Amino acid sequence: MSEPSSSFDGDALEFHVVRALLTAHLVTPLGRTAVEALQVCATAEEAARQHAATVVMAQRMGERNELPLSGAVEVRTWLGRFFAGEHSFLARDAADLKRVLRTSDRCRRWCSAGGEALESFVAGVPDVEDLVEELERVVDDRGEVMDSASAKLAVIRRDIEIHKRAVDSTMASVLAQGSVRRCLQAPEPSWRHGRPVLQVKADYRQHIRGVLHDRSASGATLFVEPEAVVEVANQLSDEQAAENREINVVLADTARGLRRYGQEIANSVEFVARADLLQAKAQLVVKDGYTVPKVVPDGAMRLRGARHPLLLQTQDRAEIVPLDIALGDPHHLVVVTGPNTGGKTVVLKTVGLLSLMAISGLPIPADVGAEVPFLRSVHADIGDEQAIAQNLSTFSSHVQRIARCVQQAAPDTLVLLDELGAGTDPEEGAVLGYAVLEALVKARVFAVVTTHLGRLKDFAYQHPGAENGSMAFDGKTLRPLYRLDLGIPGNSHALDISARVGMPDSIVARARELLGERDQTLDNLIERVQVARRDAEADRQRTADRSRQVNQKHEDLEERLAQAVKKENWLQEEADGVVESELRRAHQAMDGAITALTQAPGQHGERARGLKKIADGLLKQTAMHRRRMTFCHRLKKGEMVFLPRWGRLCAVRKVDKVREIVTVDYGKARMEVPFEDVSWLQPLDAGP
């Protein structure tokens with residue numbers, strides 16, 4: 001992970017797994033650098049904007065409306081040197097750059113039509129349509145300079161075709177001679193070094209007059225340009241040389257023009273990379289079932305149905321036990337206890353990794369409604385790696401990392417500590433761990449801490465800002481359930497697990513004798529509380545599910561109401577349109593007669609002119625007319641308008657405010673329509 005500072009322990013939390021997931025969903029090679037440069041968002045507002053864009057993108061892609069990214073290729077390997085004047089600009093480069101700029105322009109227009117969230121995403125992206133059109137005129141997608149690149153080039157290529165036909169005709173005349181055909185290895189002419197030649201048998205060289213250009217590896221075949229063809233072939237070579245010179249001129253002119261738009265081109269290339277990353281995020285939602293979390297400053301963490309991305313890659317989703325956890329409302333710190341194989345470390349990594357993903361603007365594998373506070377730092381001490389380079393023991397390296405976590409603890413920090421107090425004398429480790437927990441609670445830091453030490457199990461009962469958590473364990477099957485239960489501490493079940501994995505019965509029995517009745521009684525009490533807690537949690541879950549169903553129905557009703565209001569507004573606009581249409585029809589029916597009467601002498605002509613003025617004024621005073629004129633005068637290139645007469649949405653190419661005419665793309669053709677035929681309304685069933 002490319003991180004802004006060491007405040008985010010991305011390596012310890014396996015952020016590389018997320019990068020690999022995103023990379024697998026990329027469409028273009030440009031997106032890889034955007035994934036590698038992925039950083040934690042600078043503000044909660046920025047995270048919210050990215051998440052909003054992902055939501056809209058996922059919705060549109062879910063409707064099979066794919067972002068038009070295909071065709072973009074990597075150009076940054078040479079683009080920087082090109083702008084610095086250190087790269088020779090080739091036709092292949094022009095074709096590759098055209099494909100990237102074309103992709104940028106298509107994606108910009110696609111996003112601009114996707115609502116406010118995507119409009120914000122493309123804010124500041126340059127319009128490079130003119131550059132694309134210019135490059136379309138110069139090169140095709142194969143990297144060949146086209147005849148349209150210059151008038152001189154078109155003339156030269158016509159001459160080349162004439163000379164090629166002359167060469168073919170002359171060569172055909174030579175081959176028509178029987179004396180020549182007897183001397184050939186093959187009856188067809190070929191080309192060597194840009195010259196037309198015959199494949200002559202070596203023993204018959206003296207019978208064919210012409211220029212020797214090459215010979216086969218065995219020496220049995222000579223490639224000879226017949227004397228009769230030399231002159232017309234020279235003319236063809238001269239024209240081909242002129243073609244190459246003109247191509248170089250065209251490419252040089254094109255390069256000079258492109259260098260004037262260096263910033264716009266660089267921004268467009270970067271935009272394609274960002275767009276590819278955005279669609280990869282949306283693919284996590286559409287294809288992998290991720291959800292977009294809500295990131296809020298000074299908020300709480302609420303995760304339900306959370307799963308580690310790596311587990312989703314290696315296991316069936318139904319087999320993974322989801323994690324439900326809440327921090328910050330009301331407790332900020334959870335002390336997790338339970339058996340060694342129960343999944344405590346997975347809890348830490350899941351909380352940490354999903355938090356990093358959320359504040360980096362990424363969707364997360366969790367249920368809908370996930371909330372994550374905007375964090376300024378995430379610190380983790382997970383695993384037992386020894387700091388050999390610093391000559392530190394396992395315990396010393398743990399203490400060093402824990403000290404850093406405590407020193408930088410703040411209300412907008414997440415701290416994850418694995419096996420707090422382990423690695424040294426249990427009594428000393430317990431009191432040190434207790435002091436660390438006190439410091440974390442005092443700092444109101446978000447924290448999840450795992451431990452085996454019994455003394456730390458009662459910490460949450462003595463501190464309002466802390467809560468106990470335990471990894472569920474099936475006492476009958478002696479197997480961990482990998483589920484986090486909040487509210488009670490857990491047992492280590494070390495003796496039960498030892499018996500299950502093969503420890504001799506005699507040793508386990510002796511250990512139980514040494515443990516004594518006191519701890520057994522506590523374990524039994526905890527077990528009964530855990531069962532009661534699970535039953536209560538099941539009831540709470542059923543209640544929460546019903547509440548969500550009610551909320552969903554409420555949202556559906558609100559959506560239907562909004563659609564009804566929208567339809568009512570449309571019907572009102574339509575009614576206004578009908579009135580205007582009928583008024584216009586009546587005006588047209590009597591316009592000719594009134595106009596004729598205006599020429600009548602005296603009082604009759606004066607009354608006719610007054611009547612015409614009133615009729616014209618009525619038409620222009622209609623609400624529809626005023627709205628249409630205002631709308632059309634504000635139109636800009638690239639916006640979409642609805643043409644009621646044809647029932648189509650069309651893209652605006654040009655607005656002539658003087659003539660009151662709009663030029664639009666009508667399919668593959670361009671058409672001029674008067675303002676009177678344009679509507680600002682866009683029916684739901686209208687299409688391009």
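Leu-453 lies in the loop that runs between strand S12 (446-450) and helix H16 (459-462), where helices (H or I, at least four residues) and strands (E, at least two) are DSSP runs numbered from the N terminus. This is a predicted model, in which local features need pLDDT of at least 70 and side-chain atom pairs count only at pLDDT 80 or more, while totals for chains, interfaces and linings use all residues. Residues are numbered from 1 along each chain as its sequence is written, and side-chain values use heavy atoms, with hydrogens and water left out.

Leu-453 counts as buried because its relative accessibility is 16%; buried means under 20% relative accessible area, exposed over 50%, and partly exposed in between (1.4 Å probe, protein chains only). Not counting residues up to four places away in sequence, Leu-453 touches Leu-420, Gly-421, Pro-426, Gly-429 and Ala-430, a contact being heavy atoms within 4.5 Å.

Glu-14 has a positive phi of about 60° although it is not a glycine, and it is found in the segment before helix H1 (16-24). With a relative accessibility of 18%, Glu-14 counts as buried, and, leaving aside residues up to four places away in sequence, it touches His-308, Leu-310, Lys-349 and Leu-353.

Asp-298, also not a glycine, has a positive phi of about 60° and is placed in the loop between strand S5 (294-296) and strand S6 (301-306). Asp-298 is exposed, because its relative accessible area is 82%.

## A negative patch

Glu-555, Asp-556, Glu-558 and Glu-559 form a negative surface patch. Patches are made of residues with over 30% relative accessible area and no salt bridge, like charges being joined within 9 Å and nonpolar side chains (Val, Leu, Ile, Met, Phe, Trp, Tyr) within 5 Å; a salt bridge is a side-chain nitrogen of Lys or Arg within 4 Å of a carboxyl oxygen of Asp or Glu.

## The chain as a whole

The protein chain has 20 helices and 18 strands, and buried residues make up 43% of its 688 residues. Among contacts between residues at least 6 apart in sequence, 68% join residues at least 24 apart.

Technical notes: Areas by Shrake-Rupley, 256 points an atom, 1.4 Å probe, with all protein chains shown as cover. Lys, Arg positive; Asp, Glu negative; His and termini not counted. Charge placed at Lys NZ, Arg CZ, Asp CG, Glu CD.
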